[in-house]
Amino acid sequence: MSYYHIKNLEQYFKHYNKSIREPRKFWGKIAEENFTWYQTWEKVMEFNMAEADIKWFLGAKVNIVKNCIDRHLSKRGSKTAIIFEPNDPSEEAQHITYNELHQRVCKMANVLREQGIKKGDRVCIYLPMIPELAITVLACARIGAIHSVVFAGFSASAVASRIDDSQCKMVITSDGAYRGNKSIELKSIVDEAIEKCPSVEKVLVAKRTHINITMKEGRDIWLQPLVDAASDNNVAEIMDAEDPLFILYTSGSTGKPKGMVHTTAGYMVQTAYSFKNVFNYEENDIHWCTADIGWITGHSYILYGPLLNGATTVIFEGVPSYPDFSRFWEVIEKHGVTQFYTAPTAIRALAKESLEYVQPYPLSSLKVIGSVGEPINEEAWHWYNDHVGGKRCPLVDTWWQTETGSIMISPLAFVTPTKPTYASLPLPGIQPVLMDEKRNEIEGNQVTGSLCIKFPWPSIARTIWGDHQRYKETYFSTFPGKYFTGDGALRDEVGYYRITGRVDDVIIVSGHNLGTAPIEDAINEHPAVAESAIVGFPHDIKGNALYGYIILKEIGETRDKNNVAKEINQLISDQIGPIAKLDKIQFVSGLPKTRSGKIMRRILRKIAEGDFSNFGDTTTLLNPEIVDEIKNGRV
Ligand code: WT7
């Protein structure tokens, strides 16, 4: 029996039980039967939760790109691997076959080696959603360089801190990026970023918007001439199963972003397996995930998961609102998309517009629709299901995280009955548990608690780059022996999970995971600001928006508050990116604090939401009188 493809609910339960009883046999068999290895493992897994030490497929040798491309060539060489759909609909789409992808990745891999990149070196990729982004990511993986893709919406200082943290030797970027009717000067952002990054020796620059940029002699090189001159003959690096594949930064509860490190074999096996089953991928399906490759969703379900399965994957450069709100539906029709995977924030934004944007498109090619990034509310779920899925496509609400590498809790299309707003059941190999405040596991159904996972899975991030202690503390110490997700969840009467949202200091805005601490750090740099606290509040389109409570210094009190507010948002925009700007700013004279000095965010959240009932026990506050002032001054 093969475990790779689950065909019905009965089989799901069978495989699930097997994966819990005998995880090593279960994953070992999947790994053995569906991938090519230079050498197989001595041991399927080894772990020590207390030390946050997890290893899979120990001793195995493999190259993920050989599995994504080379092994498909004999059967699928002339099949389209990547469809590139440009920002501007009048620019022609590109169809890149597996043969061509192989050739382009090999050339790029040779370019990287010629420019001095070796196995284990870190390469920062800061590119728009163009084919070069996919090709440079795969070229890094082919030669064992660790890619660190930074979303091309981050500001210069956010890029700098990410480059510096992992000491990248090279940055790959482009002159500029198109985004709807705007363009962004990426290269000049990189120039500013690396002024403070001595580790960067070279910057390779792709041409996209053809603007004038400055090229620094000896450091900056145009990419295309190097590629043209390179050979397409490239021998892939033989990687150990646990060699790092990539670093991807995610926000944390302190100012510094966490560089999550994913390793090679476990990530490969589970992204491929989850892609196959969640989306019920079949040969010749056209898969479109609208995320950016700068996020984990793009890594796992635009690139690695689909390519490992020999699929055709769409890379879309644009935005859902340009040239108008029918863009997504037009692209689905144009390319015959069968699986469409997007975020609740995009759905809510489109649902707000006239149905005339979607109704003219039959969307009959679609088989499965998916959601990711934050809880999908009931209204958005139904709009998506009715108007996009035509009530016939299963809607898979997929819960997972940058740290988990692959989808963890989700319906499997055509297997698991869906229920609006529920991520439903764990994938095989995943053991979710709910924990109460006393750190005990909550048994039974119809319960809520903090969501933990009590057994390792192959694609879990192995560490935080350069800071294993922080990895241990963040994920393995709140509930000893278990991985803590930071999310709250409920389990209904049949055991389905519904993710209710973060229980920590992370806020999800338009599907972007933002920590309160880095935003507060940025605000506190304003010379007039004494202290600040950020909370999230419900927002129709973004899911959550940011509300800032700000205490001004004396010098700030005499200034025009509107100007100060503008400057604060500009600072945030410069330091983190426009996605982290505050929707509302309230100037206050103090913040509610416990005697130990911890800000009571719970109270600030309730005020921001406009819910003045039931602030809970405020007697432990150092300054209970401040609550009324903040309440009365709510904006
Ligand atoms: C956080 C992880 C992994 C994909 C993109 C986000 C929230 C993600 C869902 C969902 C409810 C979800 C959680 C999670 N989240 N998917 N289907 N339902 N919440 O990755 O930036 O690492 O954020 O996104 O709060 O912890 P990320």
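Hi everyone, a definition to begin: helices (H or I, at least four residues) and strands (E, at least two) are DSSP runs, numbered from the N terminus. Counted that way, the chain has 20 helices and 31 strands. Its radius of gyration, taken over C-alpha atoms, is 24 Å, close to the 26 Å that the globule rule (2.2 Å times the number of residues to the power 0.38) gives for 635 residues, so the chain is as compact as a globular protein of that length.

This is a predicted model, where local features need pLDDT of at least 70, side-chain atom pairs count only at pLDDT 80 or more, and totals for chains, interfaces and linings use all residues. Residues are numbered from 1 along each chain as its sequence is written, and side-chain values use heavy atoms, with hydrogens and water left out.

Now, a pair of helices. Helix 2 (residues 23-34) packs against helix 10 (residues 264-278) at an angle of about 85°, and their axes, lines fitted to C-alpha atoms over the stretch in contact, are 10 Å apart. That makes helix 2 roughly perpendicular (65 to 115 degrees) to helix 10. Which residues meet there? From helix 2 come F26, W27, I30 and A31, and from helix 10 come V269, Q270 and Y273, with contact meaning heavy atoms within 4.5 Å.

Along the principal axes, the C-alpha atoms of the chain fill a box of roughly 75 × 65 × 55 Å. Helix 1 (residues 9-21) gives 5 residues to the lining of the second largest pocket, the largest share.

Definitions and conventions. Axes fitted to C-alpha atoms, helices over the stretch in contact; angles between N-to-C directions. Parallel < 35°, antiparallel > 145°, perpendicular 65-115°, else oblique.
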